[in-house]
Amino acid sequence: MTFEHKFIRGLYNLGPTHFGNVVTMGSFDGVHLGHQAIIDQLKIQSERLGQPSLVMIFEPQPHEFFSGDKAPARLMRLGEKVQALFEQGVDRVVCLPFNRRFSQLSSQEFIQNVLINALGVRYLVVGDDFRFGSARSGGYPDLVAAGQSNGFQVTDTQSFLIDGQRVSSTRIRDLLQQNNFTQAAHLLGKPYTISGRVVKGQQLGRQLGAPTANVHLRRYSSPLAGVFAVTAKLASNESVAGVANVGVRPTLGGDAKPILEVHLFDRNDDLYGQNITVEFNHQLREEQRFENLEALKDQIQADIVQARTYFGL
């Protein structure tokens with residue numbers, strides 16, 4: 001049985017047609033191989049029971065709510081995560097706002113109000129370290145007990161290991177910050193990318209001899225910063241080599257949040273409004289502040305030469 005992909009934001013948008021699901025929940029930042037192992041179990045039970053598979057996520061992520069600006073960088077923005085979950089074969093994604101009221105729900109209130117009353121859970125798959133409810137008071141035994149009382153099954157998943165180490169978003173984030181893109185891709189199951197819609201910028205890139213496609217990241221922080229040799233996949237499905245800067249542009253006065261700027265080699269496409277996906281291949285240098293625009297322009301040209309050399313162009 002196949003079900004239509006549905007993204008549902010907030011419990012208030014859940015109706016009778018959304019009742020009855022095979023459920024898992026968590027942050028799913030990166031949708032890495034560990035997450036994919038959970039999703040595989042979810043899909044097996046979904047097929048067996050003839051019920052849609054559903055992943056419940058939270059916005060902001062709980063650790064972001066509690067840590068604020070000190071929270072670690074995200075691997076994915078919300079839209080990227082939802083798309084990745086659908087690509088893995090999930091039928092429904094429910095995003096709940098994680099606010100003070102929600103954080104104060106007891107574990108039993110969460111089970112009754114969310115899992116049973118709103119989702120009509122038929123089968124629940126959780127990671128072996130999943131905690132929930134006020135002060136993280138709930139755990140796997142509470143879910144098993146609730147399932148026995150309310151007629152749904154619960155199973156936990158063991159940590160997914162590669163080379164004897166647990167695959168986690170934290171580990172991938174550390175690898176990216178070390179510019180180890182090969183190993184990060186190994187844990188993600190695919191190269192690390194950033195996707196987004198191209199927006200109009202200040203068009204200073206043209207003045208600097210390197211027009212760019214700009215994507216606002218809208219993250220608390222980015223797992224990457226600096227200048228990189230990249231491959232950009234365009235809406236036409238074409239892949240184009242280029243050079244990208246991820247950061248706050250200190251020479252140009254600085255931005256509050258990081259921005260991704262991509263210069264595509266030998267192209268002058270009008271990409272405004274289009275979605276692009278940027279794969280990071282190699283770091284060229286850290287982001288730095290230059291004394292003037294002329295010095296920045298010279299460095300950009302040097303970056304382009306270095307990136308072209310990397311790609312053999």
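## The D269 pair

At a relative accessibility of 31%, D269 counts as partly exposed; here buried means under 20% relative accessible area, exposed over 50% and partly exposed in between, with a 1.4 Å probe and protein chains only. The side chains of D269 and R267 meet in a salt bridge, at 2.7 Å from N to O. A salt bridge is taken as a side-chain nitrogen of Lys or Arg within 4 Å of a carboxyl oxygen of Asp or Glu.

A word on the ground rules before going on. This is a predicted model, in which local features need pLDDT of at least 70 and side-chain atom pairs count only at pLDDT 80 or more, while totals for chains, interfaces and linings use all residues. Residues are numbered from 1 along each chain as its sequence is written, and side-chain values use heavy atoms, with hydrogens and water left out.

The rule gives a count of eight salt bridges. One of them joins E59 and R74, whose closest N and O atoms are 2.7 Å apart. This pair links distant parts of the chain, with E59 in strand β3 and R74 in the loop between α2 (62-67) and α3, 15 residues apart. Helices (H or I, at least four residues) and strands (E, at least two) are DSSP runs, numbered from the N terminus. R74 counts as buried at 7% relative accessibility. E59, E64 and R74 are linked in a network of salt bridges.

R77 and E80 form another salt bridge, with 3.5 Å between the closest N and O atoms. R77 is buried, with a relative accessible area of 17%, and E80 counts as buried at 12%.

## Helix α3

E80 also belongs to the buried set of α3, together with L78, K81, V82, A84, L85 and F86. Because seven of the ten residues of this helix (residues 78-87) are buried, α3 is largely enclosed by the rest of the structure. Its buried residues pack against β1 (6-9), α1 (33-49), β3 (53-59), β4 (92-97) and β9; contact means heavy atoms within 4.5 Å. Just after α3, G89 takes a positive phi of about 100°.

## The six-stranded sheet

Follow the strands across and you find an open sheet of six, in the order β9-β14-β11-β12-β13-β10, with antiparallel pairing. Two strands pair if DSSP finds at least two bridges between them. At the edges are β9 (193-197) and β10 (213-216), each of which pairs on one side only. Neighbouring strands of the sheet are turned by 35° against each other on average, direction ignored. Helix α10 (residues 293-311) packs on the sheet and touches β11, β12, β13 (259-264) and β14 (275-285); the direction of α10 makes about 95° with that of β14. Axes are lines fitted to C-alpha atoms, for helices over the stretch in contact, and angles run from 0 to 180 degrees between N-to-C directions.

Eight bridges pair β11 (residues 226-233) with β12 (residues 239-247) in the antiparallel sense, and V227 stands opposite N245 in β12. Between β12 and β13, which run antiparallel, there are six bridges; A244 has V262 of β13 as its bridge partner. On to β10 and β13, also antiparallel, joined by four bridges, with V215 opposite L260 in β13.

How many residues of β13 are buried? Six of its six are, so to speak of this strand is to speak of one that is mostly covered. Both faces are covered, with I259, E261 and H263 buried on one side and L260, V262 and L264 on the other.

## The nonpolar cores

L260 and V262 turn up again in the largest nonpolar core, which has 32 residues; they are among those with the most contacts inside it, along with L176, Y192, I276, V278 and F280. Such a core is a set of buried Ala, Val, Leu, Ile, Met, Phe, Trp, Tyr and Cys residues joined through side-chain atoms within 4.5 Å. At least two residues each come from α7 (169-177), α8 (181-188), β10, β11, β12, β13 and β14, and α8 gives the most, with four.

A second, separate core has 28 residues, including F102, L115, L119 and F132.
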